[in-house]
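Dear colleague,

Here is the structure I said I would pass on. My notes on it follow below.

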Amino acid sequence: MLIGEEMGLGDPKIVQTELEIGMKNEHWHVVVSLLLTRAWGVCLVLALMSVAASRLGAQSNSRQGDSNAGVQTQMQNVRYHFTESATVFIKTLSGELLPTEGSEFPVFDNKESFRVRIGYAEIDIAAPDLASVFNSYVFARANSPLKGVSMNIENGHLNIKGKLHGVGTIPFETESTLSPTDDGKILLRTAKVKALHVPVKSIMNLFGVEIADLIKNGKLPGVEARGDDLVLDPSLVFPAPHMDGRVTGTRIEGNIIVLTFGDKNRATKARQAGNYMSFRGNRLRFGKLTMTDVDMILIDMDPTDPFDFFLDHYKDQIAAGYSKISSNSALRIFAKDFNKLRKSGALAKGAN
């Protein structure tokens, strides 16, 4: 009887009456056939709707428990190591760890398993640390035409020095200003270029065809040529785990480059005071442990200075500290600064 109502046939009694009238009619078999056809059609529609609803429900449940969902993260006052010698200082960061393609969830022991999507952050990098990243990562290829890059800041300009390899070895230097691009990258607008201490017309004249082609072909990660200027993509310039976020501000403070990512309105309220790295939600693996519905905070044992953290040696830092587990399975790990492990003899040989 529900079928009659849903098809707009009116009251169930009307459906029955129509059937009775039709049977009395000389064409009763046609009427019955039509009604049965419509009824079966409704049944088929309802069945298809039921299957679709079941599938949608299953997809919804799958999304809710999707292992590719992000692990929410906060960082405050963290000196983060890309290498032993190259660090950035994270004043504040709100974002999430997202598994990379082929990974179910972030794994601390595999830096390529996740990336950091930044909602908002303020990150400082000293000019020598940026140069270290260039030497150890961007220009790390054995046949790279640029070697021995050094950087410093003078009068609000970033000065870059290095050596061009190709026909002999040519020392060069450039003077650039920094600003964010419309697409959220870092523009190095070149003001002066010198090679062998002689002014050169433009940076492309200095680099020549070889390095220009390397840049255009994407063989120098995160470096793009736009006219006579260079554009750096932070998501590619820095080693894994890569940081995805729009650069919305740049400024110079002493010998420090200060980068602002994202919108401050997207910053989340600090979970606690002090120096820490917080992780919440979804799944995360570290060592032999896989945490579901993550609620973990790595806390600096010495709050008098920034939390010095090196993912390659996180196990050493944790082993040198202590942990607490609450009644609701929240994990609080008090970790030792990486730069204090050697002094205490707690640093294991080799990276994890």
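**Core and aromatic residues**

The largest nonpolar core holds 61 residues, and those that touch the most other members are Phe108, Ile123, Met151, Leu158, Phe279, Met296 and Phe309. Please keep in mind that this is a predicted model. In soluble globular proteins, nonpolar side chains tend to be buried together.

With a relative accessibility of 4%, under the 20% cut-off, Phe309 counts as buried. Leaving out residues up to four places away in sequence, Phe309 touches Val78, Arg79, Tyr80, His81, Met277, Leu298, Tyr314 and Gln317. Phe309 also belongs to one aromatic cluster together with Tyr80, Phe82, Phe238 and Phe307.

The count of aromatic pairs comes to 11. In the pair of Phe307 and Phe309, the ring centres are 5.8 Å apart and the planes are at 55°, so this pair is tilted.

Thr92 lies in strand β2, which covers residues 87-99. Its relative accessibility is 17%, so Thr92 counts as buried. The side chain of Thr92 makes a polar contact of 3.1 Å with the side chain of Gln76. Gln76 is also among the residues that Thr92 touches, the others being Met75, Tyr120, Ala121 and Glu122, when residues up to four places away in sequence are not counted.

Thr83 sits in the loop between β1 (71-81) and β2. Thr83 has a relative accessible area of 21% and is therefore partly exposed. Beyond residues up to four places away in sequence, Thr83 touches Ser132, Ser136 and Phe310. Thr83 and Phe310 are separated by 227 residues in sequence, while their C-alpha atoms are 7.6 Å apart in space.

**Backbone points to check**

Ala240 and Pro241 are joined by a cis peptide bond, with omega at about 0°. Pro241 is placed in the loop between α6 (234-237) and β11 (243-244).

Asn77 has a positive phi, near 50°, and is not a glycine. Asn77 lies in strand β1 and is partly exposed, with a relative accessible area of 29%. Ser329, also a residue other than glycine, has a positive phi near 70°. Ser329 is found in the loop between β19 (322-325) and β20 (331-335).

**The chain as a whole, and its confidence**

The protein chain has 8 helices and 20 strands. Of its 352 residues, 42% count as buried. The accessible surface of the chain comes to about 18,900 Å², and carbon and sulfur atoms account for 54% of that. Among contacts between residues at least 6 apart in sequence, 56% join residues at least 24 apart.

How confident is the predictor in the protein chain, on average? The pLDDT averages 79, and 72% of the residues score at least 70. Over residues 1-67 the pLDDT is below 50, and this stretch has 29 contacts in the model beyond near neighbours in sequence. Where pLDDT is low, the predicted coordinates should not be read in detail.

Regards

Conventions
Residues are numbered from 1 along each chain as its sequence is written. This is a predicted model: local features need pLDDT of at least 70, side-chain atom pairs count only at pLDDT 80 or more; totals for chains, interfaces and linings use all residues. Side-chain values use heavy atoms; hydrogens and water are left out. Helices (H or I, at least four residues) and strands (E, at least two) are DSSP runs, numbered from the N terminus. Buried means under 20% relative accessible area, exposed over 50%, partly exposed in between (1.4 Å probe, protein chains only). A polar contact is a pair of N or O atoms within 3.5 Å; within protein, one must be able to donate a hydrogen and the other to accept it, and residues adjacent in sequence count only if both atoms are side-chain atoms. Contact means heavy atoms within 4.5 Å. Rings of Phe, Tyr and Trp (its six-membered ring) pair if their centres lie within 6.5 Å; planes under 30 degrees apart count as stacked, over 60 as edge-to-face and the rest as tilted. A nonpolar core is a set of buried Ala, Val, Leu, Ile, Met, Phe, Trp, Tyr and Cys residues joined through side-chain atoms within 4.5 Å. pLDDT is the predictor's confidence in each residue, from 0 to 100. Accessible areas come from the Shrake-Rupley method with a 1.4 Å probe; for residues, only the protein chains shown count as cover.
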